Amino acid sequence: MSTTSDVSSTQAGAAERRPRSGGSDPGSGAGSSPAPARWPRSGGRDVLSALPWIGPALILIFGVVLYPAVVMFFNSTRDISQSGVDRGSVGFDNFVEVFSFPYFWPIFARTIVWVVVVVGATVIISLGLAQILNKAFPGRRIVRLAVIIPWAASVVMTTMVVYYGLEPYFGIINKFLVDVGLVDTPEGYGWTRNPETAFAWSIVVAVFVSLPFTTYTILAGLATVPGDIVEAAKMDGAGPARTYFSIVLPQLRGALSVAVLINIINVFNSLPILKVMTGSIPGYDADTIMTLIFKYIQNQHKIDVASALSVVAFLIVIVIVAVYVRVVKPMKEV
C-alpha cells in the first residue's frame with residue numbers, strides 16, 4: 001500500500017510541474033510552438049518615408065555625376081563646331097580620331113606610370129609615417145596636425161609654391177639644390193622647362209598632397225590592430241620586422257585596400273598639378289590623358305573629341321576599379 005501511494009504522489013507532482021500550453025496535451029502537437037513572426041511588407045512605404053532624407057543626395061548625384069556623364073556620352077557621338085554648334089551625329093568618328101592620334105599611346109603609357117608611381121610611393125611613405133605617428137612621443141598631436149596641412153591647403157597653391165621654388169634665379173628649392181651640390185649653377189637647369197623633370201616634380205607634388213589622406217587611413221587601421229596579438233607575437237620571440245609583416249600588415253588589409261582604390265581614382269583624374277607644372281611646355285611629352293582632354297578643350301576647342309577621350313578615360317577607370325575590386329576584394333574580412 002505504501003508503495004502504491006508513493007507512486008501516485010510522484011505522478012501527481014509531475015503533473016503539477018508539467019508546463020501548460022493553452023490546455024492542450026504537449027504530446028498532441030497542438031499549441032506546442034508559437035507561430036513564426038511575420039514582418040509587415042512595407043518596402044514601398046519605407047522608401048517613400050526615406051525620400052525626404054535621401055532625396056537631396058540623389059538630386060546631387062544626378063546633377064553632378066549622372067547628368068554630366070550622359071551629356072558627355074552624347075557629345076562624344078556628335079560633330080560640334082568650335083563655336084559650340086551641334087552639326088549632327090558622326091557615330092564613332094571622334095573615337096577613331098582619339099585612337100589615331102599619334103601621341104595617344106605614349107600619353108596612355110605615361111598616365112599608367114603617373115598613377116602607379118604616385119600611388120605606390122604614397123602608400124609606402126604613408127605606411128612609415130603612420131607607424132611613426134602611432135607611437136607615443138612628445139609633440140605627437142602637433143605632428144599629426146601638421147601632416148594634415150598638405151591636404152587642407154589648396155592643391156593649386158601647393159603646386160605653385162613648388163613651381164616658383166624651382167625657378168632658376170629666385171627659386172628657394174633650386175637654391176637649396178645648388179647649396180647641397182645637386183645642381184652646379186642656379187641658372188643652369190630649368191626644372192619646369194624640361195618635360196621629363198617637370199613630370200618628375202609633378203609626381204613629387206602629387207605624392208606630397210596625397211600623403212595626409214593615406215596616412216590617416218592607415219592610422220585608423222592601426223587603431224584596430226589588437227594589442228594582445230602583437231604582444232603575444234613578441235613573447236613568442238618575433239622581432240619587430242616579423243611582427244609588422246606577419247601580424248600588423250595583414251590587419252591593415254582593409255584600410256590599405258580602400259586607400260589605394262581612392263588614390264588610384266584621384267590620381268588618374270588629377271589635372272591641376274600637371275597643368276601648373278607642365279602647362280607651359282609645348283608638345284605632348286609631359287601629358288597624361290587628363291591634360292590632353294584639357295588641351296582639346298582649351299587650345300583646340302574640340303568639345304566632341306574631348307568628350308570621346310573623356311569616355312575612354314571613364315571606361316579605363318571603370319576597368320581598373322573592376323579588376324582591382326575583383327582581385328583585391330577590399331571589403332573581404334581578413
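**Helix packing and aromatic pairs in a predicted model**

Phe92 (F92) is exposed, with a relative accessible area of 61%. In this description, buried means under 20% relative accessible area, exposed means over 50%, and partly exposed covers the range in between, computed with a 1.4 Å probe on protein chains only. The model is a predicted one, in which local features need pLDDT of at least 70 and side-chain atom pairs count only at pLDDT 80 or more, while totals for chains, interfaces and linings use all residues. Residues are numbered from 1 along each chain as its sequence is written, and side-chain values use heavy atoms, with hydrogens and water left out.

The residue named at the outset has an aromatic partner. The structure holds 17 aromatic pairs. One of them joins F92 and F95, a tilted pair with 5.9 Å from centre to centre and 50° between the planes. Rings of Phe, Tyr and Trp (for Trp, the six-membered ring) are paired if their centres lie within 6.5 Å; planes under 30 degrees apart count as stacked, over 60 as edge-to-face, and the rest as tilted. In contrast to the exposed F92, F95 is buried, with a relative accessible area of 14%. Ring pairs also link F99, F104, W105 and F108 into a cluster.

The chain as a whole may be considered next. The protein chain has 15 helices and 2 strands. These elements are DSSP runs, numbered from the N terminus: helices are H or I runs of at least four residues, and strands are E runs of at least two. Of the 334 residues in the protein chain, 35% count as buried. Among contacts between residues at least 6 apart in sequence, 66% join residues at least 24 apart. Contact here means heavy atoms within 4.5 Å.

Axes are lines fitted to C-alpha atoms, for helices over the stretch in contact, and angles run from 0 to 180 degrees between N-to-C directions. Angles under 35 degrees count as roughly parallel, over 145 as roughly antiparallel, 65 to 115 as roughly perpendicular, and the rest as oblique. The crossing of α14 and α15 is left-handed. A left-handed crossing has the near helix turned anticlockwise from the far one by less than a right angle, and a right-handed one has it turned clockwise.

On the α14 side, the contact is made by I289, M290, L292, I293, Y296 and I297; on the α15 side, by I303, V305, A306, L309, S310, A313 and I316. The residues of this contact of α14 with α15 divide into 12 nonpolar, 1 polar and no charged. Ala, Val, Leu, Ile, Met, Phe, Trp, Tyr, Cys and Pro count as nonpolar, Asp, Glu, Lys and Arg as charged, and the others, Gly among them, as polar.

Helix α14 is largely enclosed by the rest of the structure, because 7 of its 10 residues are buried. The buried residues of α14 are I289, M290, T291, L292, I293, K295 and Y296. Their cover includes α4 (104–133), α12 (253–268), α13 (272–278) and α15. In the loop between α14 and α15 lies H301, which has a positive phi of about 55° although it is not a glycine. H301 is partly exposed, with a relative accessible area of 38%.

The axes of helix α9 (residues 195–222) and α12 come within 9 Å and cross at roughly 165°. That makes α9 roughly antiparallel to α12. The crossing of α9 with α12 is right-handed. From α9, S210, F213, T214, T217, I218 and G221 make the contact, together with A255, L256, A259, I262, N263 and V267 of α12. By class, this contact of α9 with α12 has 7 nonpolar, 5 polar and no charged residues.

The axes of α4 and α12 come within 9 Å and cross at roughly 145°, and this crossing of α4 and α12 is right-handed. T111, W114, V115, V118, V119, V123 and L127 in α4 meet L256, V260, N263, I264, V267 and F268 in α12. The contact of α4 with α12 comprises 11 nonpolar, 2 polar and no charged residues.

V156 is partly exposed, with a relative accessible area of 40%. Not counting residues up to four places away in sequence, V156 touches P272 and V276. V156 and M277 are 121 residues apart in sequence and 10.0 Å apart in space, C-alpha to C-alpha.
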